[in-house]
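Please keep the sequence and the model in view while reading.

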Amino acid sequence: MASSLTCTGVIWALLSLLCAAASCVGFFMPYWLLGTQMDKPVSFGTFRRCSYPVRDEEKQITVMLEQCGRYASFHGIPSLHWRICTVVTGVGCGLLLLVALTGLMGCCISDLISRTIGRVAGGIQFVGGLLIGSGCALYPLGWDSEEVQQTCSNSSGQFKLGSCQIGWAYYCTGAGAATAMLLCTWLSCFAGKKERDRLRPWAV
């Protein structure tokens, strides 16, 4: 099967896919911040939450509904910083995924990725990783919201966890972005074949 990638390029394509998958899964999963409320485990993502209080009209009490879901609207996200984080991280994940899929196509299609296109793809990965990293940096600014404080024993604040802890999805998202920025961007410089290696000799 013809390929437009070098051996290094194949490694780059596979690593790009892993980085994009890690960042996308981490972004979607609501396990960025972990805490408890009413003795029930509660977790937050950027636009999703697991376990939230609802009013039981029959018993006239507030109970915790233990299920996960996204906020009803974009403005329902409890912090402006989390809304910005959702947008920039989502765009960054989209860019990483786009480059990863292009790299995989390059493994099967000749003349798709040249040395120049590989470097451009690496630049896009760097921007995507930078956006995700910015989203991760913005996330702690939303820890002073009322919802988070209720979950963290009313002791949380910006860059202050209180009784909560950071979840695995936050680390997964950040690790995928960091690897894409540092390693994938470097490998992309050697991903495409040089022009002279792509030309076929004339038949005699």
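C152 counts as buried because its relative accessibility is 0%, where buried means under 20% relative accessible area, exposed means over 50%, and partly exposed lies in between (1.4 Å probe, protein chains only). The model is a predicted one, in which local features need pLDDT of at least 70 and side-chain atom pairs count only at pLDDT 80 or more, while totals for chains, interfaces and linings use all residues. Residues are numbered from 1 along each chain as its sequence is written, and side-chain values use heavy atoms, with hydrogens and water left out.

**Disulfides**

A disulfide is a covalent bond between the sulfur atoms of two cysteines; here the term is applied to a pair of cysteine sulfur atoms within 2.5 Å. The structure holds two disulfides, and when the bonded cysteines of the protein are numbered in sequence order, the pairing is 1-2, 3-4.

| Disulfide | S to S distance | Torsion about the S-S bond |
|---|---|---|
| C50 and C68 | 1.7 Å | about 105° |
| C152 and C164 | 1.8 Å | about -100° |

With a torsion of about -100° about its S-S bond, the disulfide of C152 and C164 is left-handed. This pair links distant parts of the chain, 12 residues apart, with C152 and C164 each in the loop between α4 (146-151) and β5 (165-166); helices (H or I, at least four residues) and strands (E, at least two) are DSSP runs, numbered from the N terminus. C164 has a relative accessibility of 7% and therefore counts as buried.

The torsion about the S-S bond of C50 and C68 is about 105°, so that disulfide is right-handed. Because C50 lies in strand β3 (residues 48-56) and C68 in strand β4 (residues 61-70), the pair ties together parts that are 18 residues apart in sequence. C50 is buried at 6% relative accessibility, whereas C68 is partly exposed, with a relative accessible area of 37%.

**Annotated spans**

An unreviewed UniProt entry carries the annotation "transmembrane region" for residues 80-108, 120-141 and 168-191; such positions are given in the numbering used here, feature names are shortened, and annotations may be inferred rather than shown by experiment. In the model, residues 80-108 are 100% helix and 0% strand, and the end C-alpha atoms lie 43 Å apart. Residues 168-191 are 88% helix and 0% strand, with end C-alpha atoms 31 Å apart.

**Aromatic rings**

Rings of Phe, Tyr and Trp (its six-membered ring) pair if their centres lie within 6.5 Å, and planes under 30 degrees apart count as stacked, over 60 as edge-to-face and the rest as tilted. The structure holds 11 aromatic pairs. One of them, formed by W82 and Y139, is stacked, at 4.6 Å centre to centre and 5° between the planes. Because W82 lies in helix α2 (residues 80-108) and Y139 in the loop between α3 (115-138) and α4, the pair ties together parts that are 57 residues apart in sequence. Both W82 and Y139 are buried, and one aromatic cluster is formed by W32, F44, W82, Y139, W143, Y170 and Y171.
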